[in-house]
Amino acid sequence: MNWKTLIFKPRWEHKSPEVRAEAVSESQDQRLLERLPELAAKDESPLVRRAAVARLTKLDNLKRCLDQESDARTKAAIHSRIRQLLSDETDSGLAVSTRVAFIEHWSDPELMQALATRAAASEVRLAALKHISQQGFLGDRAVEDTDAEIRRYAVDRVDQLSTLERVAKGLRTKDKRLYRRVLERLERERVQAGDTDAINAAAVRLCVRLEQLARGDDIGRRREQLAELEKQWQPLADKADASVCRRYQGARDILQAALDRPNEKPDPQYRARQQVDALFTRFEQLLNITDFDRCQERLPELEEQWQGLQPAIATADEAPRWRERYTACRERASAHLLRLSRELEVNPTLSDAWQAIHQYQSQCRERPARKRVNQLLRLWQDAWAPVARPNPQEQSLNNRATAALAELQQRAEQIETTKEDALNQAVGLLDRLEQLLDNGDLGEARGARHDLQEMLGGFSADKRWKQAGHHSRLLQLQGRLRELRDWQHWSNNKIRKRLITEAEHLTEQGMHPDAVIARLKALQKEWRELEESEQLPGEKRFAASPRIWRKFNAACHHAFETTKPFLDKRSEVQLRRQKEMADLCRRMQAAAEAEPKDWPAITQLLKTARQEIRCLDEVPAKRRKATARQLRDAMDIANAVMNEHYREIEKVKLKLIRQAEQLRYIDDRDEAIEKAKQLQRDWKNAGRLWRSKDNKLWRAFREPIDPLFEQLDKTFKAQKAARQEQRQQLEQLCADAEALAALNAEALTDASGRLSGLQAQWEQQQHREPGLDKRFRHAVNRFESRLEAFRQERVDARRTRWRDKLALCLKLESMLPDSDDADALIERLAADWPAAAEHAIDKMLQQRWETVQRSWQEHQSLGEVDADAGQNTDTARQLCIQAEFLAGLESPKAEREARMRYQVERQSKTLSDSSQRLPAIDEARQLEHDWYRLGYLAPAQAGRLVKRFNTAIDEVIRHNQ
């Protein structure tokens, strides 16, 4: 964790709501992203909650926030965010199924209508449309939606006949199949409602179909068709007109008679004849259509059907007669179309009158003249009067002209009413102006005069203004206003003198140059306000005397001159900052044009430019706009290059994502993981996009890779658990070894076997950590060093005991002959005799001690032990020479010859059999054994020999431990 996070709070936890809101809006910190739902629901500031709501991407979080929210603006922001997420899948990133599932549990009519109209996904529009029951809106969707399924659904939900009729009119040229479906439904609805025309139309349609079947149409399925028509006729039988019922019954009888003659051979040309007759019938029906557009649309269809019949009638005997009849029908249809087109033509006089009305309506805008409107009204009435029988187009034009003239008349009346109101208001202002002048209120009087001046522009040419004497009254009040202004001017001169005095002493106050300039501006503003307060509307410029103005201007100029060095220095700094920004722009453009491009450098330059563009107040004011434009142009160039680079990076990363998706088909997990690692390295080397896009691609890239590493992580965790268990075992062995190493000295010897067992267990463990291995070795070494120290202490104590016993023996042997009380001497020395021990040398020394006592007690002399004193002394001297040789010490000069002989003898033995040579420490121990086996020594030489031997032995032990 970064140390700064432990000391400084993040900006989204700042106590200022504005700072928190800014951080919530801009920061990409992962901790903030995780806390966005909490901030959106619980932050005390509505500003922060709205900023958090704008970044939420989960609809459930937004729904919870909406349920808890009490602030109206925040609720509106939540509604807007929900609408944004549900409408556009590219911005929200939500799956269509997620949005549809959310809409199913939502009931906001306004939101549902917005989604049904503007949502990009058809599934979302359909889900929203299911919540809407307004017939008009359903009708709009049935006509305007681009998805055929949604149009069909909307049509099925429409129940009102008027809406269905509007839908049919809208679908006529857009969706033929749905149009026919709507027509059929309209017909059924009208039939069920008891509409006589609809019932007869449906019945006639059944009659036509029966007649077609009777002529031989669809011969193989006539029985089934008859049964279906009978079923459709049953609801109409009692409601249709009698003539239609008779027609139906006659066609049915003919068809039934034809079905009852199964052996009759059909006419080979019967089929063609039936089709030609049906075509001519349609031509006859075309002549009854009064709609020009519909008639013009049906005629090409009939011509196409005739061309399709040519192969079937080419060999028929009646083909010439049919062609003549078709030509006659075609001519009659063309004549019918021409007659309909003439009915659509408009009288030229009406057209000219309408053009004049329309042109004036466009030109006059909002201020039509009553006189001109009346002229246009008479013009239209004169043009309309000769039209005896207007066609539909002329009637439509009359409706439009009448509406336009009515609108112009209404606006002219409004203008006249407005003028009358303005005149009355102006008179009221005159009265108020007179009252204010009587009260001596110059400021309010100036305001009233200003308002009156603005109003006079609208009706100054109105005769009623002058005829009523208002103009002369205004001139009189204007003179009184000037007189009051002159008194105010005389009073304001005192204020001007104060401003002059303050400007003259401004430089003596030691203020900062910026403060001086600010104060100068304030003084000049106050001076201007005085001038403006004395300026009356409707007169020329009025100002103070030139002398006073020159004095004030000179004082301000002098004060400003004192700030010029500071301003010059600041200008120099600002020019330098401008040059730095210009240099930044040049470097940015050069980096954008260089090849190869340094992408990190371009990114850093763009970051610097974004910071610099916020510091434009550091450049001269006159150059800020140009500098800002220069920075933006350079940033646009760099951004264009970076966007191209980002596109290349995005292509590479999309390719890596596709490669990552193929990893799931690799059976070998190790191979898949290795390839995933290589893909991760390639991803890192590909470069970075802007954060939001890069994070989105990264999530898509990680989706197929994460399961692999999750499996690997499980394996690692299992291995880690095994290693942890092994580590615990190793730590326990270390603790056991450390416990053994901490035993007291007496227990160390007995614990050697247990330590050997721990060492055997330790060697059996695999993957021993260096730290634990070092710890175990340290415990073992500590145990062995303590054990060795204990053993050495025992050896040293034993050696000390031997020397003490030998010293007591020598002391007893030397003092007995001269002692007056031998028993007391023996008893006193026996008290210092060390405790008994089982070592062989202890036994030898004990035996020597007892021998001396027994010899003295039995013979009152040492003759028994003194007999070998000479030989023992020579042997002791020889042992001293050997010990000194081992220790590397010099022997006394008197014994150099004996030492030389010993060295020669030792060398010869070594040359003859070097394998028999013992280590120095072992030889020293052997010499000690031989030394303590010696008997009685001559008292005169015993002390010196003992000292020589002990010194040599100690030196050998010191060098060989």
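Arg577 has a relative accessibility of 14% and therefore counts as buried, a class defined as under 20% relative accessible area, with exposed meaning over 50% and partly exposed in between (1.4 Å probe, protein chains only). The model is predicted, so local features need pLDDT of at least 70 and side-chain atom pairs count only at pLDDT 80 or more, whereas totals for chains, interfaces and linings use all residues. Residues are numbered from 1 along each chain as its sequence is written, and side-chain values use heavy atoms, with hydrogens and water left out.

Arg577 lies in helix α28, which spans residues 546-593. Helices (H or I, at least four residues) and strands (E, at least two) are DSSP runs, numbered from the N terminus. Beyond its neighbours within four places in sequence, Arg577 is in contact with Glu612, Cys615, Glu618 and Val619, contact meaning heavy atoms within 4.5 Å.

The protein as a whole contains 42 helices and 0 strands. Its radius of gyration is 62 Å, while a compact globule of 961 residues would have one near 30 Å; the radius is taken over C-alpha atoms, and the globule rule is 2.2 Å times the number of residues to the power 0.38. Along the principal axes, the C-alpha atoms fill a box of roughly 190 × 130 × 55 Å. Ala406 and Thr951 illustrate distances within the model: they are 545 residues apart in sequence and 145 Å apart in space, C-alpha to C-alpha. Ala406 belongs to helix α23 (residues 392-439) and, with a relative accessible area of 39%, is partly exposed.

Of the contacts in the protein with a separation of 6 or more, 66% are between residues 24 or more positions apart. Buried residues account for 37% of the 961 residues. The accessible surface comes to about 57900 Å², and 49% of this belongs to carbon and sulfur atoms; such areas come from the Shrake-Rupley method with a 1.4 Å probe, and for residues only the protein chains shown count as cover.

The cysteines can be considered next. A disulfide is a pair of cysteine sulfur atoms within 2.5 Å, and by this rule the count is 0. The closest cysteine sulfur to that of Cys880 is in Cys809, 17 Å away, which is too far for a bond. Cys880 is buried because its relative accessibility is 0%, and Cys734 likewise counts as buried at 0%.
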